[in-house]
Every structure is written in structure tokens, then in C-alpha cells.
Amino acid sequence: MEGGDEMKTQIIPPKIVICFLVLSILLFLNTGFGLASEGLLDGKVFTGPTGKIGKDATETDELRYENGKLYSVGCAEWGFDSGTYSKKVEGNNITFEAVTTSPKDGKIAWSGTVNGDMIDAVYIWTKKGWFGEKRQEKWFKGNAK
């Protein structure tokens with residue numbers, strides 16, 4: 001090739017390539033495609049019976065999911081606030097876990113499964129007392145309200 005007819009190859013520095021890849025990933029996540037399960041239970045409300053594990057229902061409760069938190073209407077009377085929930089999608093099921101706390105009455109660890117308009121959960125209420133830890137294991141089954 002003569003004089004000015006030569007084709008020049010331009011090499012892009014690795015830092016620019018890495019920055020482009022990071023920005024692309026961030027844009028992908030912000031579009032919602034990468035966070036499809038974010039807020040997956042938010043807006044759902046379930047009502048149904050609850051009782052000690054191995055026993056019949058003794059009361060009813062209402063579980064609400066809002067802003068990434070689980071809230072039990074029935075446990076509110078004991079001072080329990082909402083707690084952040086984690087979730088995992090497995091086929092048609094959404095499994096979740098959360099911990100709610102009360103300044104005076106301890107904590108409740110929740111775990112369960114939501115399948116469409118139905119929920120099946122267990123929760124363990126623990127409270128420290130004078131003679132050790134008190135523990136209640138309960139179940140909740142509900143339908144979407």
C-alpha cells in the first residue's frame with residue numbers, strides 16, 4: 001500500500017471497555033429485567049386462620065406485604081412492626097422469610113410459601129424472660145384478600 005492508503009487499527013484501552021460493561025449492566029438492572037422479583041409480594045394481603053403447630057386454629061390474622069416488608073395485623077397488638085422480607089421464586093411458588101420485632105415482646109421469624117392466591121407459613125415467636133426464652137411455634141394459612 002502506498003502513503004495515505006494505509007488502514008490504521010485503533011486499540012480501545014481496557015478501562016474504557018470495562019466502564020462500558022459496568023454501565024451496561026447497571027442500565028440493564030435499572031430497567032427491571034434484572035430485578036424481576038423486586039417487590040414481587042408487595043401489595044398482596046392474605047387473611048386466614050392461625051394456631052399453634054399441631055393444633056387447630058385459635059385466631060385469624062392478616063398478613064400484608066408493602067415496600068419490601070411483611071406486616072402482621074394480629075401481631076401488631078403485641079407491638080410488632082413490619083420486617084423486611086426476602087423472597088425466592090421456585091416455579092409457581094414464592095418462598096419468603098422475614099423477621100418482625102417488638103420492643104417488649106421479642107421477635108417473630110416468619111417463613112412460608114405463596115402460590116397464587118394462597119399462602120402457607122410458619123412463624124416462631126421468641127421472647128426472653130426471667131426463666132429463659134419463651135418460644136411459640138405457629139402456622140398460618142390464608143387466601144388473598
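A: The side chain of glutamate 66 reaches the backbone nitrogen of glycine 43 at 3.4 Å. The model is a predicted one. Glutamate 66 belongs to strand β2, which covers residues 59–66. Along the chain, glutamate 66 and glycine 43 are 23 residues apart, yet their C-alpha atoms are separated by 5.6 Å. When the neighbours within four places in sequence are set aside, the contacts of glutamate 66 are with Asp42 and Gly43.

The protein chain contains 2 helices and 8 strands, and from the N terminus on its elements follow the order α-β-β-β-α-β-β-β-β-β. The strands make a closed barrel of 8, running β1-β2-β3-β4-β5-β6-β7-β8 with antiparallel pairing. From one strand to the next, the twist averages 30°. Strands of a sheet pair through backbone hydrogen bonds, in either a parallel or an antiparallel sense.

Strand β6 and strand β7 (residues 118–129) are paired in the antiparallel sense over 9 bridges. Within this pairing, alanine 109 faces isoleucine 124 of β7, and threonine 113 has aspartate 120 of β7 as its bridge partner. The two strands form a hairpin with 2 residues between them, and glycine 116 in the turn has a positive phi of about 65°.

Aspartate 105 lies in the loop between β5 (93–102) and β6 (106–115). Its relative accessible area is 13%, so aspartate 105 is buried; the limit for that class is under 20%. The side chain of aspartate 105 makes a polar contact of 2.9 Å with the side chain of lysine 127. Apart from neighbours within four places in sequence, aspartate 105 touches Trp78, Phe80, Trp125, Thr126 and Lys127.

Two of those contact partners, Phe80 and Trp125, lead on to the aromatic residues. A pair of aromatic rings is described by the distance of the centres and the angle of the planes. Across the whole structure, 6 aromatic pairs are found. In one of them, the ring centres of phenylalanine 80 and tryptophan 125 are 5.4 Å apart and the planes stand at 90°, so the pair is edge-to-face. This pair links distant parts of the chain, 45 residues apart: phenylalanine 80 is in the loop between α2 (73–76) and β4 (83–90), whereas tryptophan 125 is in strand β7. Phenylalanine 80 has a relative accessible area of 4% and is therefore buried. Tryptophan 125 also counts as buried, at 13% relative accessibility.

The rings of tryptophan 110 and tyrosine 123 have their centres 4.3 Å apart and their planes at 20°, so this pair is stacked. Here too distant parts of the chain are linked, since tryptophan 110 is in strand β6 and tyrosine 123 in strand β7, 13 residues apart. Tryptophan 110 is buried, with a relative accessible area of 2%, and tyrosine 123 counts as buried at 3%. Elsewhere among the aromatic residues, Phe46, Tyr65, Tyr85 and Phe96 form one cluster.

Some totals complete the view of the chain. Of its 145 residues, 24% count as buried. Among contacts between residues at least 6 apart in sequence, 37% join residues at least 24 apart. The chain exposes about 10,500 Å², of which carbon and sulfur atoms supply 57%.

Note on methods. Residues numbered from 1 in each chain as written. Predicted model: local features only at pLDDT ≥ 70, side-chain atom pairs only at ≥ 80, totals over all residues. Heavy atoms only, no water. Helix = DSSP H or I, 4+ residues; strand = E, 2+ residues; numbered from the N terminus. Buried < 20%, exposed > 50% of the residue type's maximum accessible area, 1.4 Å probe, protein only. Polar contact = N/O pair within 3.5 Å; in protein donor to acceptor, adjacent residues only side chain to side chain. Contact = heavy atoms within 4.5 Å. Pairing = 2+ DSSP bridges. Areas by Shrake-Rupley, 256 points an atom, 1.4 Å probe, with all protein chains shown as cover. Phe/Tyr/Trp six-rings, centres within 6.5 Å; stacked < 30°, edge-to-face > 60°. Axes fitted to C-alpha atoms, helices over the stretch in contact; angles between N-to-C directions.
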